[in-house]
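The following exercises concern one predicted model and are each followed by a worked solution. Please examine the sequence and the structure before reading on.

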Number of protein chains: 2
Amino acid sequence: MFIMIEPTSSVPIYEQLTRQIIEGIVKGEIKVGDTLPSVRAMAADLGVNMHTVNKSYKALAEKGVVTIKAKSGAVVCAGDVLNEQQILYLQQALKPVLAEGIVLGATEQQLENMLQQLLRELTTKEAML
Amino acid sequence: MFIMIEPTSSVPIYEQLTRQIIEGIVKGEIKVGDTLPSVRAMAADLGVNMHTVNKSYKALAEKGVVTIKAKSGAVVCAGDVLNEQQILYLQQALKPVLAEGIVLGATEQQLENMLQQLLRELTTKEAML
């Protein structure tokens, strides 16, 4: 899986890494049961601080995307049926983006179309891979 | 408009303020043309640092939600038709949340329902106000 960090982005580096790992799982480039590279290896590979990679792996564990195991490292776990806490979490993450869309002048239809387009993009593997 | 800051939240205070102002505009509690309280007044009112309020107002200006005028302060501007940059911005904000939803086990239908429910909530004024 190819991860690209943009140091000049306004999105913190650990967050860029977290998002790209999640997108990799959605696209099937990373599979359930896969172990992520060790913190040290990932940091060296991306040329970022180990602390940054550690923060990203912890965030993934908090979200329930990976399980941190003492011996094997960060293992991707199966997306189970959503529990109530996860639904609440997703709602709270979606709400400010939608509110901003409305304030900027987006119609509900536009936002729904955007969601559908993004879901298609996310779940379709790149044609060239 | 009632703004509530939760100091213990993982969401930064300036971001909490930004989101609540945007939601206030969506709900019609703050109207286009309205001037937000001065940085000093808002900070005193919420018991937060002026720097925090300033950061929030600047973020609102960057998003195109308010215009900062030298004399009158932060004035809420009209949500025009979305331009390409704003669409891209919204897509980039939505994408990681949706990817996370899928990884956590949400179906596309669930995410669409969530979006519709949130849009209803956002655009409905509180019954008690």
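A polar contact is a pair of N or O atoms within 3.5 Å; within protein, one of the two must be able to donate a hydrogen and the other to accept it, and residues adjacent in sequence count only if both atoms are side-chain atoms.

This is a predicted model, in which local features need pLDDT of at least 70, side-chain atom pairs count only at pLDDT 80 or more, and totals for chains, interfaces and linings use all residues. Residues are numbered from 1 along each chain as its sequence is written, chains are lettered from A and ligands numbered from 1 in the order in which they are written, and side-chain values use heavy atoms, with hydrogens and water left out.

**Exercise 1. Describe the fold of chain A.**

Step 1. Helices (H or I, at least four residues) and strands (E, at least two) are DSSP runs, numbered from the N terminus. Chain A has 5 helices and 2 strands.

Step 2. Along the sequence, their pattern is α-α-α-β-β-α-α.

Step 3. A box of roughly 50 × 35 × 30 Å, taken along the principal axes, is filled by the C-alpha atoms of chain A.

**Exercise 2. Characterise the contact between chain A and chain B.**

Step 1. With contact meaning heavy atoms within 4.5 Å, 44 residues from chain A and 44 residues from chain B take part.

Step 2. Buried area is the accessible area (1.4 Å probe) that two parts lose on being put together, summed over both. Chain A and chain B bury about 4,500 Å² between them, with 76% of it on carbon and sulfur atoms. In chain A, the residues that lose the most area to chain B are A:Glu100, A:Val103 and A:Leu104, together 15% of what that side buries.

Step 3. Between the two chains there are 6 residue pairs in polar contact (both at pLDDT 80 or more). On the side of chain A that touches chain B, the elements giving two or more residues are α1 (13-27), α4 (84-104) and α5 (108-123). The largest share, 18 residues, comes from α4(A).

**Exercise 3. Locate salt bridges between and within chains.**

Step 1. A salt bridge is a side-chain nitrogen of Lys or Arg within 4 Å of a carboxyl oxygen of Asp or Glu. The whole structure holds 6 salt bridges over all chains, and the count between chain A and chain B is 4.

Step 2. A:Glu23 and B:Lys95 meet through their side chains in a salt bridge (4.0 Å, N to O).

Step 3. A:Glu15 forms a salt bridge with A:Arg19, their closest N and O atoms being 3.2 Å apart. Both residues lie in helix α1 of chain A, 4 residues apart, about one turn of the helix.
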